Amino acid sequence: MKLLAKLSAAAATAALLATAAQAANPMVGGAAMFETKNIVENAVNSKDHTTLVAAVKAAGLVDTLMGPGPFTVFAPVNSAFEALPAGTVETLLKPEMKPMLTKVLTAHVVPGKWTGADIAAKIRASKDGFFHFKAVSGDSLSAQMRGNNLFIYDESGNASRVTIADVEQSNGVIHVVNKVLLPK
């Protein structure tokens, strides 16, 4: 049974790696992403990340995410923000909410460059089937493979699926996710 689980995990990792290898400059939100551009330079071109870009600007994180890094960013799409309770995004974008907005956004950023294969290897090496790590905000995140899908969990146990992995940047890597990760 353990051998079957290990083979299944290896197959999932191979599928994740094959997907990443096929798309050197993947399209995200209708725009090509380029390894020679930084996180912000690429994100501003994605039609799927306009809310995230507006939030990064409101939080004053543009210069940080244009910096040398490296950073791993779990980038929620617009529909992830739309799924939050009504008024949440508008409230967070108010100047007086900047500290909370910064906390929410930095809960999506991890120091270092973590590819899907790196994360999958850590998951396979773990005793509980999860890779546990810290976001820049100080919040705990966990990663788990379910079949061929990589999921990132926030501290409340909410799962966000990586829909596009390994979007290489000059200062790190972006993984597009379908849910907003919320700090506790």
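**Entry 1: α3 against α7**

I began with the helix pair α3 and α7, whose axes come within 9 Å and cross at roughly 130°. The axes here are lines fitted to C-alpha atoms, for helices over the stretch in contact, with angles running from 0 to 180 degrees between N-to-C directions. I noted the pair as oblique, because angles under 35 degrees count as roughly parallel, over 145 as roughly antiparallel, 65 to 115 as roughly perpendicular and the rest as oblique. The crossing of α3 and α7 is left-handed, a term for a near helix turned anticlockwise from the far one by less than a right angle. On the α3 side I listed L52, A55, V56, A58 and A59, and on the α7 side K98, L101, T102 and L105; contact means heavy atoms within 4.5 Å.

A note on what I am reading: this is a predicted model, in which local features need pLDDT of at least 70 and side-chain atom pairs count only at pLDDT 80 or more, while totals for chains, interfaces and linings use all residues. Residues are numbered from 1 along each chain as its sequence is written, and side-chain values use heavy atoms, with hydrogens and water left out.

**Entry 2: around α3**

Next I asked which residues of α3 are buried. They are T51, L52, V53, A55, V56 and A59, with buried meaning under 20% relative accessible area, exposed over 50% and partly exposed in between (1.4 Å probe, protein chains only). Their cover includes α2, α4, β3, α5, α6 and α7. Helices (H or I, at least four residues) and strands (E, at least two) are DSSP runs, numbered from the N terminus. After α3 comes G60, with a positive phi near 75°.

**Entry 3: the cores**

I then looked up the largest nonpolar core, which has 28 residues; L65, V73, L105 and I174 touch the most other members. Such a core is a set of buried Ala, Val, Leu, Ile, Met, Phe, Trp, Tyr and Cys residues joined through side-chain atoms within 4.5 Å. Two or more residues each come from α2, α3, β3, α5, α6, α7 and β9, and α3 gives the largest share, four residues. Another core lies apart from this one; it has 17 residues, among them A120, A143, V162 and V177.

I also followed L105: leaving out residues up to four places away in sequence, L105 touches L52, A55, V56, A59 and L61.

**Entry 4: strand β8**

What does the side chain of E168 make a polar contact with? I found the side chain of K113, at 2.5 Å. A polar contact is a pair of N or O atoms within 3.5 Å; within protein, one must be able to donate a hydrogen and the other to accept it, and residues adjacent in sequence count only if both atoms are side-chain atoms. E168 is found in β8 and is buried, at 18% relative accessible area.

D166 lies in β8 as well, in the run 159-169. D166 is buried at 9%, and its phi is positive, about 60°, although it is not a glycine.

**Entry 5: two loops**

The G69 to P70 peptide bond is cis, with omega near 5°, and P70 sits in the loop between α4 and β3. For context, most peptide bonds are trans.

Last, I checked A83, in the loop between α5 and α6. A83 counts as exposed at 62% relative accessibility. A83 and K179 are 96 residues apart in sequence, yet 8.0 Å apart in space, C-alpha to C-alpha.
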